[in-house]
Amino acid sequence: MGLSGGKAGGNWLKWLGFVTAVWVQCISGNNYTFSNYSDALKSLMGLTQLQLNNLSVAKDVGKAFGILAGLASDRLPTPIILLIGSLEGIVGYGAQWLVVRQTIRPLPYWQMCVFLCLGGNSTTWMNTAVLVTCIRNFRKNRGPVSGILKGYVGLSTAIFTDLCSALFADSPASFLLMLAVVPAAVCFAAMVFLRQTPEADVEAEDPAEEERYFAAINTLAVAIAVYLLFFDLTGVSGALISKAFVTVLLLLLAAPAAVPIYAALKARTEKAARDTDLDVEGARITEPLLVPEEETVEANTRKEAVEIGDEHTIMEVVKTVDFWVLFVSFLCGVGTGLAVMNNLGQMGLAMGYTDVSIFVSMTSIWGFFGRIGSGTISEYFLKKSATPRPLWNAASQIVMAVGYVVMALALPGSLYIGSIVVGICYGVRIAITVPTASELFGLKYYGLIYNILILNLPLGSFLFSGLLAGLLYDAQATKTAGGGNTCVGAHCYRLVFVIMALACLVGFGLDLLLAFRTRKLYRKIQASKRSKRSMAVEGAARN
């Protein structure tokens, strides 16, 4: 098959796969929705805050088993990985739905921990399938790919929350049913279209065309976020308005499909023109103009000392200082962020709010802006001035620390401000770390490397949510008649916020260190991107 035919046929299929990946990410953020039904579990099971927080830790511990998804990503096809994740979600969230709906009696505590763990682990299979495939398919634009995909994960919490508010009046049971059924349905659709593109087709792709398509999908994503934000802030209600909201939201979510449709029509037109040219010029060269980075590494004799930016084995990765600096700084950011997300329900009640769903949704929406903005902006400044990506992580850590100080002061509106700041900074942290890991350690074992970093989610949840927030809350709380406890007032979480601000300052220092250590690597990446872009432009001019 010639280059022209392969590229034209594979281009739109690659974009169709990316759009289905976006839809999978729209339903992959169910791990961040615990606050929407945690109070129902607490009252039904008569739990203390520490016991409830440990349930949320069990949910996040499921991500620790994401190592299995990472190992499987190099051995199993993408559809099988998606299938495993969807089935786990049905079982994990389905059992919780039966309990909250009171179809069955509350299960023993350890059994509930198992089902929350299954639900948490389900998303690691979905995220691994999507991220590994798309990062490899769009290796020239890792920042935008990470930003878009992780951005939609951030939006998924708001999507689920607002759909449940519009259709089921914030019913915890209905919300859990959505978490069980909707992700499985979307994953079944993605199994058909999401595939890894051959490396030759990836290298032959026009970078400028990719950037235009990413810009279109970015614009649609921002439109969805603004639409959700409008719905949350206006508080519009009524059966007719709710149905109209749901209809428009579903249309906006379907809109990215316009990109592969356009690419397919363009490919068809170009193929017709090429078929005419071939009658005169003959067959075209089938060799890719650029040798893929991975093939260059394989072709050369492996260096005795692997350098940062080379393809690393897992053992080589864990022996580097840079990996552990990245790992611990990631823990400081996502661990504290998860503590807020898991406890937003109780934080809102402690500060006198009766409806906390808006804080969950605000964190999700602003998390989206942090993810999608940082992916695109970091890519722009990398190409323009070789700015190391870890520098953006450092900026997010210092802003997050300020957000925790504001929440500790408990000024009027501080929870609104805090949920926005935490959402943005958590989003930046997630979106920047994904491409950073691939740039530092390569793509060959990326699925496993990504899931080792994701171990920070259960670890951070245990340290900052299960231990820190749970123990300090219980120390301030009073017993209730049902056997649980409650705490009302700014003092309930003040010390928690102060300690988390200090943790963010530690992360800030580590990110600055990593930015300094990787500055030469990012200069090389910048030079490589400029060279490839020039060659692509010259090739297009010749054609």
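A: Helix α16 gives the most to the lining of the second largest cavity, with five residues. The model is predicted, so local features need pLDDT of at least 70 and side-chain atom pairs pLDDT 80 or more, while totals for chains, interfaces and linings use all residues. Residues are numbered from 1 along each chain as its sequence is written, and side-chain values use heavy atoms, without hydrogens or water.

At least two lining residues of this second cavity come from each of α7, α15 (321-350), α16 (357-385) and α18; helices are DSSP runs (H or I, at least four residues) numbered from the N terminus. Its volume is about 110 Å³, taken as the space filled by probe spheres set on the grid points. A cavity is a set of points on a 1 Å grid where a 1.4 Å probe fits but cannot get out, and lining residues have an atom within 4 Å of a point. Among the residues that line the second largest cavity are Tyr32, Gly154, Met341, Thr363, Arg371 and Tyr426. By class, the lining holds five nonpolar residues, six polar and one charged. Here Ala, Val, Leu, Ile, Met, Phe, Trp, Tyr, Cys and Pro are nonpolar, Asp, Glu, Lys and Arg charged, and the others polar.

In total there are three cavities of 30 Å³ or more. The largest has a volume of about 150 Å³, and of its 17 lining residues the closest to the centre are Lys150, Ile430, Tyr450, Ile454 and Leu457. Helices α6 (109-137), α7 (142-168), α18 (414-441) and α19 each supply at least two residues of this lining. The lining of the largest cavity comprises nine nonpolar, five polar and three charged residues.

The ring centres of Tyr446 and Tyr450 are 6.3 Å apart and their planes lie at 35°, so the pair is tilted. Rings of Phe, Tyr and Trp (its six-membered ring) pair if their centres lie within 6.5 Å; planes under 30 degrees apart are stacked, over 60 edge-to-face and the rest tilted. Both tyrosines belong to helix α19 (residues 446-453), where Tyr446 and Tyr450 are four residues apart, about one turn of the helix. Tyr446 is buried (under 20% relative accessible area), at 1%, and Tyr450 is also buried, at 6%. The structure as a whole holds 25 aromatic pairs.

Definitions and conventions: Buried means under 20% relative accessible area, exposed over 50%, partly exposed in between (1.4 Å probe, protein chains only). On a 1 Å grid over the protein atoms alone, a cavity is a set of points where a 1.4 Å probe fits but cannot get out, and a pocket is an open set with protein on both sides within 12 Å along at least five of seven lines; lining residues have an atom within 4 Å of a point.
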